[in-house]
Amino acid sequence: MEIVSDDDRTIPVKASKMAQILALLLVRRNEVVSSGTLMEELWCQNPPRSASTTLQTYVYHARRMFAGEGISARDGEELLITRSPGYLLRIDDHEVDVGVFEELVMCGSACLDRGDLTTGLLKLEEALATWRGPVFATVPTGPILDDCVVHLEELRLRALGLRVETLRQLGRHQIVVPELRSLVTSYPLNEFLHYQLINSLFRSGRRAEALKEYHSLRKMLANELGVAPTSEVERLFQEMLGNDRITAGVAASPVDLLRSVRPA
């Protein structure tokens, strides 16, 4: 784990348990994280008898590291403080990559809800640009951080889906096909991504390929889950066959489509 200071110095955190504590406090910045929660993260359900004292020691060393590197809160006060029943890390959202990522995704989604596709796309691409690899790749994770990883991975997948759907609605079908093929391979049970791939192929004039992808999806859902494609996918299939008579009206927003297609 690395911490980047205000002057762009990179400070490695070599002690794995201390990195684990700081990662959880960063994810829950400006929130009191109880000692019990931190001990559960470090030792799951089997804390040693010395767990409380050991936790205090890790926190002490974290404070010494911050002090030695001249890192403090914006107001110059201590960054890591004790507050019953645990500890709190005082840091602004924009100073943490996770905070920046979450804010940009929310902002992008809100823009798309308002119909501002261009700004929404820009915000989503900014959000995805902050993603530097697997979450906590160099930090050991316990049950609490594991839940954080799942949340962030799901949020990233949502951002990817919205970005691709926005590009498609802007008419850039050919551009998104290679990316969608990669995403479908990585997330084979995500029906929304399959829907986007089929739709992009169809809108690009590649109906035969789109139909092949539809039948592959239908077979996979039946074999793996025992279900049929959603109504949105089936409507697209009927349109590809020339049977869709409901073509008028306002197009659904990327956010609405994401909600209507099952993201398995």
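Guide: Buried means under 20% relative accessible area, exposed over 50%, and partly exposed in between (1.4 Å probe, protein chains only). This model is predicted, and its residues are numbered from 1 along each chain as the sequence is written. Local features need pLDDT of at least 70, side-chain atom pairs count only at pLDDT 80 or more, totals for chains, interfaces and linings use all residues, and side-chain values use heavy atoms, without hydrogens or water.

Visitor: What share of the chain's residues counts as buried?
Guide: The chain has 11 helices and five strands. These are DSSP runs, numbered from the N terminus: helices are H or I with at least four residues, strands E with at least two. Of the chain's 264 residues, the buried share is 44%.

Visitor: How far does helix H3 reach from its first C-alpha to its last?
Guide: H3 covers residues 51–68, which makes 18 residues. The expected span is 1.5 Å times one less than the number of residues. For H3 that gives 26 Å, and the model comes close to it, at 26 Å.

Visitor: Where on H3 do its buried residues lie?
Guide: They are Ala51, Leu55, Val59, Ala62, Met65 and Phe66. Seen down the axis of H3, they fall within an arc of 115 degrees, so they line one face of the helix.

Visitor: Which exposed residues sit on the face of H3 turned away from its buried side?
Guide: Look opposite the buried side of H3. That face carries Thr53, Arg64, Ala67 and Gly68.

Visitor: Which residue with a positive phi follows helix H6?
Guide: H6 has 27 residues, 143–169, and its end C-alpha atoms are 39 Å apart, which agrees with the 39 Å that it should span. After H6 comes a residue with phi near 90 degrees: Gly171.

Visitor: At what angle do helices H9 and H10 pack?
Guide: H9 is residues 207–224 and H10 is residues 231–241. Their axes are 11 Å apart. Axes are lines fitted to C-alpha atoms, for helices over the stretch in contact, and angles run from 0 to 180 degrees between N-to-C directions. For this pair, the angle is about 145 degrees.

Visitor: Is Leu236 buried or exposed?
Guide: Leu236 is found in H10. Leaving aside neighbours within four places in sequence, Leu236 is in contact (heavy atoms within 4.5 Å) with Tyr195, Ile198, Asn199, Phe202 and Arg203. At 3% relative accessibility, Leu236 counts as buried.

Key: Arc of directions from axis to C-beta.
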